Amino acid sequence: IQWYPGHMNKARNQLEEKLNLIDVVIEVLDARIPSASRNPMISELVGDKPHLIILNKTDLADPVMTKLWQKKLQGPRTLVMAMDAQHNTNMQALITLIKKAASEKVKKLEERGASNPIIRVCLVGVPNCGKSTIINRLVGRNVTMTGDRPGVTKGQAWLKTPYGIQILDTPGILWPKFEDQEVGYKLAAFGAIKDTIFHADDVALFVIRQLRQYYPAYLAKFANCTKDKLENIGDTDLLLAMTQNNGMREDYDRFSLFMLQRLRKGKLGRISLDWPSANNEN
Ligand code: GTP
């Protein structure tokens, strides 16, 4: 499946050009799918620069999984923090961590006589993982991003923060294509790729399969049935039953979209669909 829009390609090239000006690369992952929302090109992009990973949307993710991922992603040059940018009051921790990541460079500049050198960072991540929200928090106001929205790519600018940190106003980047359809379904389930790329009912069926396996109680609650009943009904029949129970007759496309919206908002429960043990990160 080829779903890497041209403007993202352009954005990536622009980002690569600016990388030598950047002190810390901040990779924003959706804490519910840290593996699927990772960009396979990220290590290439980061090189040996300090790297900070934010597991965002932790309010929606399974807290046990988030803890495991935090441990797993931590590396010699990689700092990891979990946050909920939407409701977060935890900005100070992020600022501290950015400064920690950039400390070597800051020390060098200070030794050369600079006082309070500026730290330059960029945020990268798949669409919808919360980059703008985090940037707005850091900047202290709502800034309009130039990136990522078709036709609005007007080049990049440095956004100033009150903390001696400047942020590259950068679009989200994604990989050109994915071989693994499961990765695509996970991205679609949490809204990182457009609903038009997959059929909503295929994504909903994927979600049902995953929930059945890993969060059966949440699925039973959402379907308003017992666990026993759940075990005795197939995925498609379950989707149809839920569609009818919600007064949508046989319009399971419409119900699928409804279900995905509920999932994305955390209304089915705090759900993560990537397990650190099954993947080989870093
Ligand atoms: P693109 O511009 O598409 O690349 O998205 P983005 O990565 O800049 O994401 P954005 O900040 O626009 O956030 C996407 C949606 O997620 C918005 O509706 C945010 O309000 C919401 N959001 C961001 N962070 C969090 C979070 O930590 N928790 C919750 N619940 N929602 C969040």
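Helices here are DSSP runs of H or I with at least four residues, and strands are runs of E with at least two, numbered from the N terminus. On that count the chain has twelve helices and six strands.

Two notes on what you are looking at. This is a predicted model, in which local features need pLDDT of at least 70 and side-chain atom pairs count only at pLDDT 80 or more, while totals for chains, interfaces and linings use all residues. Residues are numbered from 1 along each chain as its sequence is written.

Of the 282 residues, 37% count as buried, meaning that 20 or more other C-beta atoms lie within 10 Å of the residue's own; 12 or fewer is exposed, in between is partly exposed, and C-beta atoms are placed from the backbone. I call two residues in contact if those C-beta atoms lie within 7 Å. Among contacts between residues at least 6 apart in sequence, 69% join residues at least 24 apart.

Next, the domains. The assignment, which is automatic or from a database, gives domain 1 as 6–168 and domain 2 as 199–278. Their centres, taken over C-alpha atoms, are separated by 33 Å. Nonpolar covers Ala, Val, Leu, Ile, Met, Phe, Trp, Tyr, Cys and Pro; charged covers Asp, Glu, Lys and Arg; the others, Gly among them, are polar.

Helix 7 (181–189) and helix 8 (200–214) have axes that come within 10 Å and cross at roughly 100°. The two are therefore roughly perpendicular, a term for angles of 65 to 115 degrees. Tyr 185, Ala 188 and Ala 189 of helix 7 meet Val 203, Phe 206 and Val 207 of helix 8. That contact has six nonpolar residues, no polar and no charged.

Last, Asp 84, in the loop between strand 3 (78–83) and helix 4 (91–101). Asp 84 is partly exposed because 18 other C-beta atoms lie within 10 Å. Beyond its neighbours within four places in sequence, Asp 84 contacts Lys 57, Thr 58 and Asp 59.

Technical notes
Axes fitted to C-alpha atoms, helices over the stretch in contact; angles between N-to-C directions. Parallel < 35°, antiparallel > 145°, perpendicular 65-115°, else oblique.
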